[in-house]
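Please look through the structure below before reading on.

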Amino acid sequence: MADIQGSYDDLFTAVPSALAELLDGGDVGGSVAVFVDGEPVVDVWGGFADAGRTVPWQRDTVVGVYSVTKTMTALCALILADRGELDLDAPVARYWPEFAALGKEKVLVRHLLSHTAGLPDWDGPVEELYDWASATARLAASAPQWEPGTAAGYHSLTQGFLVGEVVWRVSGRSVGEFFAEEVAGPLGADFHLGLGAEHDRRLALTVPPPGRDEDYTASAPGNEAAPGTALRVRDGNSVAWRRAQIPAAGGFGNARSVALVQSVMACGGTVGGVRLLSAAGCARAWEEQFSGDDLRLGMPVRWGLGYGLFGSTFGWGGWGGSLVMIEPEARMVVAYVTNQMREPAGDNRGLEIVMSAYDGLTGLRG
């Protein structure tokens, strides 16, 4: 079996075993963390940080988690809302006047968080993603594709710029700065919206699915021909991508940091004596905003405020397989990050990790 490093509670032995099975099955590397009551009961990693399998995955290895980043950006908006500085039911144009153009005056802040704003597609060049002013100006000058709030279509790249610009207008800080100063810093979490050069030495680049190369592009399992500019693995692995702030998909961390941050949502707003928002502010995240077929994902989805809703849990996954799942009733968070992509239609790795964590939770409750 693959060599798994780290530590875990004896009740949760199924979790490192599940990670070992994935690595034995051909995955390059990854890490898993399970937090209960804001404390780690699993913190393990294994495999390699490079496609050539020459650099072992270390405790401090970080990787791009793609759309898991959306949960971090949403948390920033929820914190501002909890402080009374951001009204989720206000028009976006109250904070960002230029956004009202071309029929967007009725787009509410909550529409941005729930993928119902009508701006799902990035149709500019990939290079424009690296320039905040250009990216947000393009979105402000775009017309919505449907009446805001009436339908959902996954805003895979655009959501981060939309929510992030509102965070900037309200707080006077970029969403990356806000997250670093108000979330990651106080918690001591090794998660970054955009990655500085000082972290490059410990970065695991994304590895395309078997048989694919770095021209492999993002797509949803049920929608292989989504409109807009296609994002390639080589884009996500580029220096320009990681230096930029792309808060829908440009976050970097490991399972420990993802689970630590999202434990705030599982534990009523406070972790390790650090209070980021109230219990009521947390509960907002899983208030259903939309239920039905998502026009971009091509499948039924329930959206909360920045999170997907799945029964009694909420969270989201990222391109390539990374995932975070929050179980507020059990005050548990499960996070899985990997550098190994698989084809989306056949990728159940995150679900397998989550189910292995529930085995331990059953023992803990017993």
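Which residues does Pro 120 touch, not counting residues up to four places away in sequence? They are Gln 145, Trp 146, Gly 153, Tyr 154, His 155, Ser 156, Thr 158 and Arg 296, where contact means heavy atoms within 4.5 Å. The model is a predicted one, in which local features need pLDDT of at least 70 and side-chain atom pairs count only at pLDDT 80 or more, while totals for chains, interfaces and linings use all residues. Residues are numbered from 1 along each chain as its sequence is written, and side-chain values use heavy atoms, with hydrogens and water left out.

Pro 120 sits in the loop between α3 and α4; helices (H or I, at least four residues) and strands (E, at least two) are DSSP runs, numbered from the N terminus. Pro 120 counts as buried because its relative accessible area is 1%. Buried means under 20% relative accessible area, exposed over 50%, and partly exposed in between, with a 1.4 Å probe and protein chains only.

One of the residues that Pro 120 touches is His 155, found in the loop between α4 (132-140) and α5 (158-171). His 155 is buried, with a relative accessible area of 0%. Leaving aside neighbours within four places in sequence, the contacts of His 155 include Lys 70, His 115, Trp 146 and Leu 162. A polar atom of the His 155 side chain lies 2.5 Å from the backbone oxygen of Gly 153.

Next comes helix α5. Its 14 residues should span 20 Å at 1.5 Å a residue, and its end C-alpha atoms are 20 Å apart, so the two values agree. The expected span is 1.5 Å times one less than the number of residues. Of the 14 residues of α5, 10 are buried, and these pack against α2 (69-82), α3 (109-113), α4 and α6 (175-187). Just after α5, Gly 172 takes a positive phi of about 80 degrees.

A salt bridge is a side-chain nitrogen of Lys or Arg within 4 Å of a carboxyl oxygen of Asp or Glu. An α-helix has 3.6 residues a turn, so residues three or four places apart point the same way. Glu 165 is buried at 8% relative accessible area, whereas Arg 169, at 34%, counts as partly exposed.

The count comes to 25 salt bridges. Another of them joins Asp 60 and Arg 201, with 3.8 Å between the closest N and O atoms. This pair links distant parts of the chain, 141 residues apart: Asp 60 is in the loop between β3 (39-47) and β4, and Arg 201 is in the loop between β5 and β6. Arg 201 is exposed because its relative accessibility is 66%, while Asp 60, at 31%, is partly exposed.

The strands β5, β7, β4 and β6 form, in that order, an open sheet with mixed pairing. Its edge strands, β5 (192-193) and β6 (203-204), each pair on one side only. Strands β4 (residues 62-64) and β7 (residues 251-253) pair in the antiparallel sense over 2 bridges; two strands pair if DSSP finds at least two bridges between them. In this pairing, Gly 64 stands opposite Phe 252.

Technical notes: A polar contact is a pair of N or O atoms within 3.5 Å; within protein, one must be able to donate a hydrogen and the other to accept it, and residues adjacent in sequence count only if both atoms are side-chain atoms.
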